Amino acid sequence: HKHNSSSARGSSKPSPRVVLKMFQSLDEVPTACTTIEEVGSTGVGALTVAFLILAITTIIFLVKAWSSLEQKSYYVCATYITGFGAMAYFAMLSGQGWTAIAGCRQFFYARYADWFVTFPLLVLLLGIVANADAPSIGAAIGAIAVYIFSTYMGSVSVVTTVKWFWFFVALVGLAGALVSITRTFKIAVVSRGPEIESLYGKMAWLLFLVWIAYPLVWLFSEGFASFSVSFEVCAYAVLDVLSKVVVSFIALSGHDALSVAAPKEFA
């Protein structure tokens, strides 16, 4: 019995510290931040403007939802999209929902909480406009959730190789969501007639372009830290307004068309 225990001690496995050093060099070890790069006045201005736009739009959509019949599901979905966005921007504007990440840089995790709700809701909005089936909508929601979760994990990663692994996974998820809204949903929308098909095309291609821009901003902000925090905040604010407010307004500009042949599942 003593022989077995001593041999077990002799064949010790590598410690977690040794394994960790396989993935990172000494200059990547996090150090205590004496100063943190925070958002400046320009960024605060962008947060303010975005919050006001999102808040006012939420009120408009909420009023429309109460007074609509066949279009109620679209207005309710749009209300939650802009409403959660407004909440996130209020949190960031109030100095909440952030922490310091590697490089002593301010990181607003409240933005990712917002995206984890609003991006799937955007997929749902496009899905019900296109009259896509539930499995197709669910698959697209799952893909965009992979993108959001992976970009968040990449943002808070200290080890460089781990950060870029998460970014790669994020791009795979984003690609799946983009294929869904530009191909799968587009095939389904044909059954709703040319007017809805044209409306959907405007929504889908704007969202396609905006969603491609999100990882580009991430690449030079949370990724390489080339952009200042204020520039990052401004860029994300523009993209959030385009994806949440403009896409929702495009959908609801087809108020009359959406009242015809509404998807039964969501009516």
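This is a predicted model: local features need pLDDT of at least 70, side-chain atom pairs count only at pLDDT 80 or more; totals for chains, interfaces and linings use all residues.
Is Ala 225 buried, partly exposed or exposed? Ala 225 has a relative accessible area of 44%, so it counts as partly exposed. Buried means under 20% and exposed means over 50%. Keep those cut-offs in mind.

Start with the whole chain. It has 10 helices and 2 strands. From the N terminus, the elements run α-α-α-α-β-β-α-α-α-α-α-α. The chain has 267 residues, and 45% of them count as buried. Its accessible surface comes to about 13,400 Å². Carbon and sulfur atoms hold 70% of that surface. Now take the contacts in the chain with a separation of 6 or more. Residues 24 or more positions apart account for 78% of them.

Helix α4 has 22 residues, so at 1.5 Å a residue it should span 32 Å. Its end C-alpha atoms are 31 Å apart, which agrees. Just after α4 comes Gly 95, with a positive phi of about 80°.

Next, go inside. The largest nonpolar core has 57 residues. Phe 185 and Trp 211 have the most contacts inside it. Several helices each supply at least two residues of this core, among them α3, α4, α5 and α6. Helix α8 gives the most, with 12 residues. What does Trp 211 touch, leaving out residues up to four places away in sequence? The list includes Phe 119, Leu 122, Ile 144, Leu 174 and Ile 181.

Leu 52, Ile 56, Ile 60 and Phe 249 make a nonpolar surface patch of about 350 Å². Helix α3 (residues 41–67) gives the most to the patch, with 3 residues. Ile 56 is found in that helix.

Now look at the strands. Gln 106 lies in strand β2, residues 105–108. Its relative accessible area is 3%, so Gln 106 is buried. Gln 106 and Val 39 are 67 residues apart along the chain, yet their C-alpha atoms are separated by 7.3 Å. Beyond its neighbours within four places in sequence, Gln 106 is in contact with residues including Glu 37, Val 39, Trp 98 and Val 229.

The loop between β1 (98–101) and β2 holds Cys 104. Cys 104 has a phi near 55°, a positive value in a residue other than glycine. Most residues other than glycine have a negative phi. At a relative accessible area of 18%, Cys 104 is under the 20% cut-off and so counts as buried. Ala 225, from the opening question, has a positive phi too, near 60°. It lies in the loop between α8 and α9.

Charged residues come next. Side chains of opposite charge can pair when their charged atoms come close. The count comes to 5 salt bridges. In one of them, Arg 105 meets Glu 37 at 3.7 Å, N to O. This pair links distant parts of the chain, 68 residues apart. Arg 105 is in strand β2, while Glu 37 is in the loop between α2 (16–23) and α3. Arg 105 is buried, with a relative accessible area of 4%. Glu 37 is partly exposed, at 34%. Both belong to a network of salt bridges that links Glu 37, Arg 105, Arg 111 and Glu 232.

Ser 221, in helix α8, touches two members of that network, Arg 105 and Glu 232. Ser 221 also touches Phe 227 and Tyr 236. At 0% relative accessibility, Ser 221 counts as buried.

Finish with Lys 244. Its side chain meets Asp 114 in a salt bridge of 3.4 Å, N to O. Lys 244 lies in helix α9 and Asp 114 in helix α5, so the pair ties together parts 130 residues apart in sequence. Lys 244 also meets Asp 240 in a salt bridge, again at 3.4 Å, N to O. Here both residues lie in helix α9, 4 residues apart, about one turn of the helix. Where do these side chains stand on accessibility? Lys 244 is buried at 0%. Asp 240 is buried at 0%, and Asp 114 is buried at 3%.

How values were computed. Residues are numbered from 1 along each chain as its sequence is written. Side-chain values use heavy atoms; hydrogens and water are left out. Patches are made of residues with over 30% relative accessible area and no salt bridge: like charges are joined within 9 Å, nonpolar side chains (Val, Leu, Ile, Met, Phe, Trp, Tyr) within 5 Å. Accessible areas come from the Shrake-Rupley method with a 1.4 Å probe; for residues, only the protein chains shown count as cover. A salt bridge is a side-chain nitrogen of Lys or Arg within 4 Å of a carboxyl oxygen of Asp or Glu. A nonpolar core is a set of buried Ala, Val, Leu, Ile, Met, Phe, Trp, Tyr and Cys residues joined through side-chain atoms within 4.5 Å. Buried means under 20% relative accessible area, exposed over 50%, partly exposed in between (1.4 Å probe, protein chains only). Contact means heavy atoms within 4.5 Å. The expected span of a helix is 1.5 Å times one less than its number of residues.
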